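Subject: The structure I promised you

Hi,

Here is the structure we talked about, with the sequence alongside. Have it open while you read, and my notes follow below.

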Amino acid sequence: MSTQTIDLTLKVWRQHKNNPRGSLETYPAKGISTDMSFLEMLDVVNEQLTAEGIEPIAFDHDCREGICGMCGAVVNGRAHGHMPETTLCQLHMRHFKNGDTIVIEPWRARAFPVIKDLVVDRNALDKIIQAGGYISINAGGPQDGNAIPVPRDNAEKAFNAAACIGCGACVAACPNASAMLFAGAKISHLALLPQGRPEAKKRALSMVRAMDTLGFGNCSNEAECEAECPKGISIREIARMNREFIKAALS
Amino acid sequence: MNWFAQNISTAIGKKLLMAVTGFGFVGFILMHLAGNLSFYFGKDAFLKYVETLHTLDPIIVVVELVLLALAVIHVSTGTILFFQNRRARTTRYAVNKTAGGRTIGSRTMPYTGFLILLFVILHLSQFHFIDHAVQTPWDAAVDTFNNGLFALIYMAAVILVGIHIRHGFWSLFQTLGLNNEKYMPLIQTIGIVIAVAAAVGFFFVPVYIRAVI
Ligand code: HEM
Ligand code: HEM
Ligand code: SF4
Ligand code: FES
């Protein structure tokens, strides 16, 4: 299969200290190989911009293999682009056509202030985790592997919830900029395992309260989050979090 | 009480208020619909139903007070949610596209809700806050629907009620934590059936009344 190249027009959100209010800027992206990932395409454009003396486009990335959760931008109105269960770094240019115009915007949420261009501050997600998204193991050596029985079904559900990479696409895609899918995944993942039960009550209450103080919106069950989540987290995790919260609030 | 205030004001707490009050409304709508079906059996049958209902007057007073309380909670919480959710995204996207999660119902909850509120105020002024000594409920219906504009307003309003329930019904179960692969499809179906039944059942009352008078 021969490599194809396509020509694109990018409209990219630029925001930095010389442009504090931000604006969409138009750049050509010519001769883009369809084998490239979206981030590689941005790398190529950045080389051109640098050669022209324009500040390169800032964007977050790390693993570039869909596992770290660093990358992400809203591409033509869709978080991580239009392909299902795909992070931006795993989105390939073969899914675009020659001549396409691509609008690239940062995650937009009051809780995620823009740092520069497409880079946003997702510290609010860390603060939700700090409020209780962990288990405390304060002493002792490692336990025998099978000392605590875990039903297979629960192990699998916990594993699915634990697939959340904390990218924030759910917040970006939510019409209300709510972090319920992220929090639901984190609370569910621990609530399903015996190791997570001792702190389950405290965790549910304090993570949910933390979410409120950080400026996220409320869930309206629009289900846009599960449709955009690169890890296929289901809104059933939100229902499980709600159960955990109700149980904790009533006991 | 502190624990209650603290938890009910969270994102989940507010949604629980919406879910419980919304569930109460769905219950009322179903009873109201069942009662209103007697319109279709003509004036005498309808007034007989009204008479039977009056034997329950003490209970009705309680139901009315509960409904009023539900309405105050549902509307005020819904308003708070609406403004909080708008504030959660201060800069809007230049391009907005759905990933396929939203429905017409879910997109429009605050707007259909607000219009239903206006409708209920109008409706109560025409059917409830009238002199029942001179006007039977049948007369009220005849007087109201005689006016083509009011007939149209009622027909439009009950479609909005159907749209609001279409999303609201499954959504309230999700909020209460009752979402599971096994029974969510059934809940979805029941929601659609109730939404369609309410919209269709009420829709033809004005049509029928105008046909028989
Ligand atoms: C009186 C005017 C009404 C207003 C202003 C109103 C407003 C709202 C709003 C804004 C929501 C969505 C809240 C959110 O998820 O962010 C909602 C949900 C809901 N409403 Fe209403 N509504 C009204 C009347 C009704 C009626 C008449 C019914 C039933 C027939 C109803 C049933 C529901 C249900 C079941 C929900 C879903 C609750 C949930 O998602 O947990 N509402 N309403
Ligand atoms: C074609 C449609 C409808 C007709 C013909 C109709 C008719 C009536 C009648 C005859 C009453 C009794 C009035 C009284 O004696 O106090 C009533 C009360 C009421 N209706 Fe409707 N109705 C319709 C639709 C609706 C809808 C869609 C809603 C809600 C969204 C609604 C909400 C109410 C309420 C809250 C009351 C007061 C109940 C009470 O005071 O106990 N109605 N309606
Ligand atoms: S739930 Fe999905 S979209 Fe949200 S942060 Fe986790 S991986 Fe990203
Ligand atoms: S860069 Fe790690 S998930 Fe995209």
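In what order do the five strands of the open sheet in chain A run? The order is β2-β1-β5-β3-β4, and the pairing is mixed. Before you go on, keep in mind that this is a predicted model.

**The sheet in chain A**

If you look for the edges of that sheet, you'll find β2 (19–33) and β4 (78–79) of chain A, each of which pairs on one side only. Have a look at β3 (residues 74–75) and β5 (residues 101–105) of chain A too: they pair in the antiparallel sense, over two bridges.

**Ligand 1 and its iron**

Now over to chain B. Which residues hold the iron atom of ligand 1? They are B:H74 and B:H164, each through its NE2 atom, at 2.0 to 2.1 Å. The site of this iron has six donor atoms with angles of 85 to 180° among them, and it is octahedral. What I like here is how the pair links distant parts of the chain: B:H74 is in helix α4 (residues 57–87) of chain B and B:H164 in helix α7 (residues 148–175) of chain B, 90 residues apart. Both B:H74 and B:H164 are buried.

Zoom out a bit and you'll see 23 residues surrounding ligand 1, the closest being A:S220, B:K15, B:H74, B:H164 and B:S171. Residues from chains A and B both take part in surrounding ligand 1, so the site is shared between chains.

A few polar atom pairs to click on:

- The side chain of A:S220 has an N or O atom 2.9 Å from an oxygen atom of ligand 1.
- For B:H74, an N or O atom of the side chain is 2.7 Å from a nitrogen atom of ligand 1.
- B:T175 has a polar side-chain atom 2.9 Å from an oxygen atom of ligand 1.

As for where the shell comes from, the elements giving two or more residues to it are α2 (11–36), α4, α5 (104–127) and α7 of chain B. The largest share is from α2(B), with seven residues. Sorted by type, the shell around ligand 1 has 14 nonpolar residues, eight polar ones and one charged one.

**Ligand 2 and its iron**

There is an iron atom in ligand 2 as well, and its protein donors are B:H32 (NE2) and B:H123 (NE2), 1.9 to 2.0 Å from it. This pair also links distant parts of the chain, with B:H32 in helix α2 of chain B and B:H123 in helix α5 of chain B, 91 residues apart.

Are B:H32 and B:H123 buried or partly exposed? B:H123 has a relative accessible area of 17%, so it counts as buried, with the cut-off for buried being under 20%. B:H32 has a relative accessible area of 26%, so it is partly exposed.

**One more residue**

Finally, find B:F203 in helix α8 (residues 184–212) of chain B. Its relative accessibility is 21%, so B:F203 counts as partly exposed. B:F203 and B:Y154 are 49 residues apart in sequence, and their C-alpha atoms are 7.4 Å apart in space.

Happy browsing!

Notes: Residues numbered from 1 in each chain as written. Chains lettered and ligands numbered in written order. Predicted model: local features only at pLDDT ≥ 70, side-chain atom pairs only at ≥ 80, totals over all residues. Heavy atoms only, no water. Donors = N, O, S within 2.8 Å, 3.2 Å for Na, K, Ca; no water. Tetrahedral: all angles 85-135°; square planar, octahedral: opposite > 155°, others 65-115°. Helix = DSSP H or I, 4+ residues; strand = E, 2+ residues; numbered from the N terminus. Buried < 20%, exposed > 50% of the residue type's maximum accessible area, 1.4 Å probe, protein only. Near = heavy atom within 4 Å. Polar contact = N/O pair within 3.5 Å; in protein donor to acceptor, adjacent residues only side chain to side chain. Nonpolar A, V, L, I, M, F, W, Y, C, P; charged D, E, K, R; others polar. Pairing = 2+ DSSP bridges.
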